[in-house]
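Student: Hey, I've got a new structure open and could use a hand reading it. Can we walk through it together?

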Amino acid sequence: MAPKRRPSRRTTARPSRTVDKKAAPNNGMAASRVIREVPPRAAAPTVSKAGAKPVESRGKYVYCVIRSEDALRFGAVGLGTVPAEVSTVHYKDIAAVVSDTPIEVFDATRENVLAHERVNEAVMRDHTVIPMSFGTVFKTRDDIIELLRGAYSAFIDVLLKMEDKVEFGLKVLWERDEVVKQIEREDDDVRQLKSEISSQSGPTYFARVQYGRLVEGALQARSERYVSEIFESLRDVAVASRANKPIGDKMIMNAAFLVSRDREQAFDAKVKAVGAKYAPLTFRYTGPWPPYNFVNIRLKLERATPGG
Amino acid sequence: MPVERTSGGTSLIDVLDRVLDKGIVIDAWVRVSLVGIDLITVEARVVVASIETYLKYSEAVGSLTSASRPAIDGHVSEAVIAENAALRVEIARTRREGTVSRRLRRP
């Protein structure tokens, strides 16, 4: 391990933006929020010696990328035992939403993961976000500017496509046993086999196998019908949708929908109407989410060309 | 049963489903490297390896496999879901740790 050093302001050829530094002092902007135990922030890069974290281990955790030229502050909602102050780092008209963290690899613990999501949700209230996957830490502010610069056109492209859109999750579950009973009531062949088996007049092996096949087929058909009807009825109120693999035995649908903010109420009403129509099904409806299921930007590190 | 909307951050499983490998994703080993690498001084840069947006309306084909699975009772399935989530976390962690040790072994 290299000895830990106090990060010094590096002189680079590139002019770095310092706009946000000017806006940094606590000036009561987040008045509506109750902020406790927020360490005093200095306008200059000198950090209070009384701070709990050692100065030299400060990195920056990135939550998401948004479009903004103004320095923004979202309060003390970030990762950390004492939730860190969340602010922005800018390049041109885009910004990364960040907070100070120790430079370390973060475990996906409940607290950490929920904090990551909490920040995204706070930012999402007023901005279109491209969410960052969990656990990305950069060493310095300049490195984040480098990230924004390097992927600028990709970010702009995706921000435009996702503008004023949010994601909703919809999982649909059923009580399999209940559906089987329903099939037994409604399907003549199944009902007949069932009564043959239960009357026990002679060997029932083939009847049982046949019964199993029929029930499985009927379950499959019903599930497919439900799911395609649900997708169909939400088509008009959503921009896009994705069908993820159902998890577990009870789930028949695990979908994400991309919805325009101005259609959010219409989508909401439609989901509730669908829920009422398919009463025996259970709907797990979540959101709004950042558009995790609709954006995939993979980044890698590249060495600069020698002599470049 | 009336359908109620719950905000995203209330279900850990739903959050894990999204935040671990969706959105802007930096290569697992790069993510660890960034902890040690100073982009500016090593003259490395972050570049886009791929970019995809999904703006089509799905027809839900091929997502329906659950109906043919054997029935298991609710408790078991909840446990399996929870274990799944835990394993994914574990995998992500091991993967990262693996890269850490690889990095550290280098002179």
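Tutor: Start with A:Ile297, whose bridge partner in strand 2 of chain B is B:Ile24. Strands here are DSSP E runs of at least two residues, helices are H or I runs of at least four, and both are numbered from the N terminus. This is a predicted model, where local features need pLDDT of at least 70, side-chain atom pairs count only at pLDDT 80 or more, and totals for chains, interfaces and linings use all residues. Residues are numbered from 1 along each chain as its sequence is written, chains are lettered from A and ligands numbered from 1 in the order in which they are written, and side-chain values use heavy atoms, with hydrogens and water left out.

Student: How many bridges join strand 11 of chain A to strand 2 of chain B?

Tutor: Four, and the two strands run parallel. Strands count as paired if DSSP finds at least two bridges between them.

Student: Switching topic: which strands pair with strand 3 of chain A?

Tutor: Strand 2 of chain A (residues 73–76) does, antiparallel over three bridges, and so does strand 4 of chain A (residues 94–102), antiparallel over six bridges. A:Glu85 partners A:Ala76, while A:Ser87 stands opposite A:Val98.

Student: Is strand 3 of chain A buried or exposed?

Tutor: Seven of its seven residues (85–91) are buried, so strand 3 of chain A is largely enclosed by the rest of the structure. Buried means under 20% relative accessible area, exposed over 50%, partly exposed in between, with a 1.4 Å probe and protein chains only.
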